[in-house]
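Hi,

Here's the structure I promised to pass on. Have a look at it first, then read my notes below.

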Amino acid sequence: MVTLVYDVVREEEKMLLKVAERLGVRVAMAQVGNMLEVKKWGQGVYLIRTLSHNKGIIAAALAEAGGGVAVNSAKAVATSWNKAWTLARLQAAGLPTPKTRVLFGEAEVAIDKPSIVKAVSGSWGRKVALVSAPEEVKLLLKSAEGEVLLLQEMIGTGEDIRVFVIDGRAVAAMRRIPPAGDWRSNAARGGTTVPQKIDPELEELAVKATEAVGAFYAGVDILIGDRLYVNEVNGIPEFKALTKTTGVDVAGALLAALVMLEKK
């Protein structure tokens with residue numbers, strides 16, 4: 001059985017349930033609320049779709065402890081949620097990534113061109129700032145309250161490509177263009193999205209990035225500069241904007257892959 005593990009029912013979860021009803025696939029629901037008893041869950045395939053990554057990591061671990069298959073696995077969700085850990089895995093796989101420094105405290109840094117400071121964990125373009133001077137970095141570090149930050153070279157104009165990978169195949173992609181006056185391309189922040197053709201190079205980068213963090217499916221963010229750079233891998237990716245932009249039935253492709261995984 002496929003079990004949908006969630007804390008909040010978002011548009012993506014509604015899309016999955018509609019597809020399941022249309023295909024006649026039984027999907028159980030398991031909500032992770034404000035309390036979760038630590039015990040082994042039963043066997044089966046568990047699709048981890050929690051808004052909270054901490055809840056997702058724990059839920060995936062409990063599913064795996066009972067002999068179930070968590071999609072994504074606890075390790076994959078934890079790795080992808082930590083941007084520094086993700087970059088380490090991407091580099092180990094030989095993939096091109098932006099030059100990045102991890103800041104654990106009020107470090108002295110030199111900046112010779114605009115760079116990006118972002119929290120090691122976060123999404124939707126939050127906790128991200130564009131800096132051009134060391135003093136700006138120091139101010140951000142002082143207000144970080146011990147949070148680990150990344151200082152990353154800025155690639156291109158902020159325009160990027162989101163590629164959705166399922167079980168070793170890139171099923172859909174869109175180009176995200178920052179809104180006027182901004183450099184962040186997130187659809188949640190008002191960025192424009194257009195369909196992106198998936199060529200062999202793009203698919204290879206996205207699939208290898210997904211495999212690097214140990215994920216079964218993922219949303220891979222690729223920056224556009226003098227070449228393509230893998231920036232982030234999302235282990236609990238949203239796909240509402242991607243489906244609307246491309247017309248690809250991402251929910252259907254994901255559910256079909258989970259049903260096949262359950263049969264193995």
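A quick definition to start: two strands pair if DSSP finds at least two bridges between them. Helices (H or I, at least four residues) and strands (E, at least two) are DSSP runs, numbered from the N terminus. Also, this is a predicted model, where local features need pLDDT of at least 70 and side-chain atom pairs count only at pLDDT 80 or more, while totals for chains, interfaces and linings use all residues. Residues are numbered from 1 along each chain as its sequence is written, and side-chain values use heavy atoms, with hydrogens and water left out.

Now the sheet. It is open and has five strands, in the order β11-β10-β9-β12-β13, with antiparallel pairing. β11 (192-195) and β13 (228-234) are the edge strands, each with a single partner, so one side of each has no neighbour in the sheet. On average, neighbouring strands are turned by 30° against each other, direction ignored (angles run from 0 to 180 degrees between N-to-C directions, and axes are lines fitted to C-alpha atoms, for helices over the stretch in contact).

Seven bridges join β9 (residues 160-166) to β10 (residues 169-177); Asp-160 has Arg-176 in β10 as its bridge partner. Helix α6 (residues 200-212) packs on this sheet and touches β9, β10, β12 (217-224) and β13, contact meaning heavy atoms within 4.5 Å.

Then there's a helix pair: α1 (residues 11-23) and α8 (residues 250-263) pack at about 65°, axes 9 Å apart. Met-15, Leu-16, Val-19 and Ala-20 in α1 meet Ala-251, Gly-252, Leu-254 and Leu-255 in α8.

Cheers
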